Every structure is written in structure tokens, then in C-alpha cells.
Amino acid sequence: VPEALPRTQAGGQPLPREALTETAIQIDRMNKWYGTFHVLRDIDLHVAKGERIVIAGPSGSGKSTLIRCVNRLEEHQSGRIVVDGIELTSDIKNIDRVRSEVGMVFQHFNLFPHLTVLENCTLAPIWVRRLPRRKAEETAMRFLEKVRIPEQAGKYPGQLSGGQQQRVAIARSLCMEPRIMLFDEPTSALDPEMIKEVLDTMIELAEDGMTMLCVTHEMGFAQAVADRVIFMDQGQIVEQNTPKEFFENPQSERTKLFLSQIL
Ligand code: ADP
Ligand code: MG
């Protein structure tokens with residue numbers, strides 16, 4: 001499979017699933033506890049390069065914990081997590097390598113308030129990637145254009161709307177040139193009129209072929225771009241399916257109950 005495989009065919013049709021062959025993330029029989037609380041139970045999840053996954057499920061079901069395990073913001077206790085061929089163990093070298101390949105966007109943006117938009121975007125490339133400032137700024141402007149707010153580059157986060165701040169957070173992640181993006185309810189803290197601009201940015205990213213794991217309640221987004229919807233409850237993956245099957249023909253009672261509450 002060529003590296004720059006387009007994820008959509010002309011006309012915006014998703015590529016056939018057979019085209020997604022290389023593995024980006026492999027999670028096998030993974031378990032995690034918070035103290036004595038068994039938060040993730042026997043998680044098996046294989047994600048192909050270029051695949052778009054939406055993770056849904058009730059509050060407290062372990063969605064955030066699961067995606068935080070993928071870049072080792074949380075540590076798992078048993079089973080295996082392999083990201084782009086790198087196994088996550090206590091080896092700090094592997095953790096650093098994985099973190100440089102995996103970008104993450106949070107519900108509450110987490111921008112540095114005392115830095116401008118441009119400085120937020122160049123900080124890690126300069127200090128972690130060791131890019132010359134000029135090069136880092138060029139890259140940052142390219143991604144700020146991509147999320148359609150280059151004109152905000154000199155402002156501080158507090159001067160922007162929530163939707164603009166979240167788009168800066170996405171651009172900031174992209175500046176590290178990640179191969180995988182994790183989103184943890186990126187629109188949950190936004191006013192309704194700002195949700196669309198962030199989802200549109202995420203849809204564009206999906207169309208560019210980014211491998212994406214998105215925890216979201218935006219079921220329209222799931223229907224539009226997800227290859228697979230994963231449904232979690234009580235620390236387990238209860239069901240997974242294409243969006244069409246997931247919404248039209250949910251299998252488990254827990255999924256049916258969840259859908260009846262959110263749709
Ligand atoms: P979700 O994102 O689906 O709402 P989380 O992954 O945030 O679920 O949390 C799953 C469960 O783990 C919840 O019961 C939550 O209270 C618990 N939990 C989350 N983080 C911690 C933590 N750092 N320490 C102890 N328990 C936690
Ligand atoms: Mg969560």
C-alpha cells in the first residue's frame with residue numbers, strides 16, 4: 001500500500017475496507033486498573049493505517065482511559081499495545097517515540113494562555129523536534145491556514161472563541177506531523193454554533209488520510225466519516241460495526257439503550 005494512499009475515492013466514497021491493510025495500532029487483551037478498580041477489561045482493538053474510528057459509550061465506560069493508553073498518558077497493566085510497530089512498555093525511549101507519532105486533542109483545548117497562537121504551535125517543534133524557529137513558524141502557518149485561522153496567529157488563546165481555540169489545538173498537534181490523531185470529546189465544551197467548524201476541520205483531516213480515534217457523541221460525524229464505531233460500556237468493547245449497521249441494526253441491549261438516549 002503506498003504511503004500517500006488517498007482515503008476517499010473521487011466523489012468522496014470511502015475506500016473499500018480491503019484497502020486498509022497496514023496496522024497502525026494493535027491492542028491485544030489489554031487490561032487496566034485504577035488501584036483496585038478494573039477500568040479496562042480485555043480490550044482487543046486493531047486499527048489500520050488511515051482508518052477512522054469513533055468510540056462511543058456512556059460516561060464512565062472507559063473511553064478516555066482507552067485512548068490515553070494509546071499514547072501512554074495512562075499505563076496499562078496487562079496485555080499488549082503496539083503503536084506503529086512500537087510496543088508500549090515502561091521503556092521511556094519507546095514512549096517518547098510513540099508520543100512523537102501520536103497527536104491528541106482534548107475537550108478543554110489545553111492551550112498555553114500566555115503564549116500567542118503561533119507560539120503555541122511552534123513551542124514543541126522548536127524544543128522537542130529542534131526545528132529552527134523560521135521553519136517551525138512556516139509549518140505552523142501552513143497548519144493554521146489548514147484550520148482556517150491564519151489571521152489569528154498573533155493573538156492569545158483568551159482572545160479567541162472556543163471553536164477557534166480548538167482549531168488552534170488541532171493545528172498545534174499537526175505541527176508535530178503525527179501519524180495518528182486521538183480526539184477526546186473535542187466538541188463537548190463548545191457552544192452549538194462552534195461545533196460544526198471543529199467537526200469540519202476533523203472531516204478534512206479524515207479526508208487527508210489521517211488515522212483517527214475519536215471519542216465523540218457527534219453521531220452525525222460518526223455517520224459521515226467513521227469506518228467503524230466502537231461501543232464501550234463498563235470497561236469493555238461491547239459492540240463494533242460500520243456506522244450504518246451500528247445505527248440501523250444495533251446488536252446488544254446496552255447499545256440499543258444508549259442509542260435511544262442520544263438519538
Ligand atoms: P469515559 O471517558 O468513558 O467517561 P473514563 O475513562 O474517564 O470514562 O473513566 C472510566 C472510569 O474510570 C470512571 O469510573 C472514572 O471515574 C474512573 N477513573 C478515571 N480516571 C481515573 C483516575 N485517574 N483514578 C481513578 N479512577 C479513574
Ligand atoms: Mg471521557
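Which polar backbone atom is 3.0 Å from an oxygen atom of ligand 1?

A: This is a predicted model. The backbone atom belongs to Gly 62, and it lies 3.0 Å from an oxygen atom of ligand 1. The protein covers 58% of the accessible area of ligand 1, which is 560 Å² for the ligand on its own. Strand S2 (37-48) and H1 are the elements that give two or more residues to the shell. H1 gives the most, with three residues.

Two further polar pairs involve the ligand. A polar backbone atom of Ser 61 is 3.2 Å from an oxygen atom of ligand 1. The side chain of Ser 64 places an N or O atom 2.8 Å from a ligand oxygen. Ser 61, Gly 62 and Ser 64 all belong to the list of residues around the ligand. That list also has Tyr 34, Phe 37, Val 39, Pro 58, Ser 59, Gly 60, Lys 63 and Thr 65.

Now the helix itself. H1 spans residues 63-70 and is mostly covered. Six of its eight residues are buried. They are Lys 63, Thr 65, Leu 66, Ile 67, Cys 69 and Val 70. Lys 63 and Thr 65 also surround ligand 1. Just after H1, Arg 72 takes a positive phi of about 65°.

Lys 63 leads on to Glu 185. Glu 185 sits in the loop between strand S7 (180-184) and helix H6 (192-207). Glu 185 is in contact with Lys 63, and also with Gln 107, Val 215 and His 217, leaving aside neighbours within four places in sequence. Yet Glu 185 is buried without a salt bridge. Lys 63 is its nearest side chain of opposite charge, at 4.5 Å. Glu 185 does have a polar partner: its side chain makes a 2.7 Å contact with the side chain of Ser 188.

Other charged pairs do meet the cut-off. The count comes to 19 salt bridges. One of them joins the side chains of Lys 32 and Glu 74 at 3.8 Å, N to O. Lys 32 is in strand S1 (residues 23-34), while Glu 74 is in the loop between H1 and strand S4 (78-83). The two are 42 residues apart, and the pair links distant parts of the chain. Lys 32 counts as buried because its relative accessibility is 3%. Glu 74 has 18% relative accessibility, so it counts as buried too.

A second salt bridge joins the side chains of Glu 51 and Arg 228 at 3.0 Å, N to O. Glu 51 lies in the loop between S2 and strand S3 (52-56), and Arg 228 in strand S9 (residues 228-233), so this pair ties together parts 177 residues apart in sequence. S2 is also one of the elements that give two or more residues to the ligand shell. Glu 51 has a relative accessible area of 1%, and Arg 228 has 12%.

A salt bridge at 3.0 Å, N to O, joins the side chains of Arg 167 and Glu 197. Arg 167 is in helix H5 (residues 162-174) and Glu 197 in helix H6, so the pair ties together parts 30 residues apart in sequence. The partners differ in cover. Arg 167 counts as buried because its relative accessibility is 9%. Glu 197 has 26%, so it counts as partly exposed. Elsewhere, salt bridges with shared partners join Glu 22, Lys 49, Asp 84, Glu 101 and Arg 179 into one network.

Thr 201 also lies in H6. Its relative accessibility is 13%, so Thr 201 counts as buried. Its side chain reaches the backbone oxygen of Glu 197 at 2.9 Å. Thr 201 is in contact with Arg 167 as well, along with Val 147 and Ile 170, leaving aside neighbours within four places in sequence.

Terms used:
Residues are numbered from 1 along each chain as its sequence is written. Chains are lettered from A and ligands numbered from 1 in the order in which they are written. This is a predicted model: local features need pLDDT of at least 70, side-chain atom pairs count only at pLDDT 80 or more; totals for chains, interfaces and linings use all residues. Side-chain values use heavy atoms; hydrogens and water are left out. Helices (H or I, at least four residues) and strands (E, at least two) are DSSP runs, numbered from the N terminus. Buried means under 20% relative accessible area, exposed over 50%, partly exposed in between (1.4 Å probe, protein chains only). Lys and Arg count as positive and Asp and Glu as negative; His and the chain ends are not counted. A salt bridge is a side-chain nitrogen of Lys or Arg within 4 Å of a carboxyl oxygen of Asp or Glu. A polar contact is a pair of N or O atoms within 3.5 Å; within protein, one must be able to donate a hydrogen and the other to accept it, and residues adjacent in sequence count only if both atoms are side-chain atoms. Contact means heavy atoms within 4.5 Å. A residue is near a molecule or strand if one of its heavy atoms lies within 4 Å of it. Accessible areas come from the Shrake-Rupley method with a 1.4 Å probe; for residues, only the protein chains shown count as cover.
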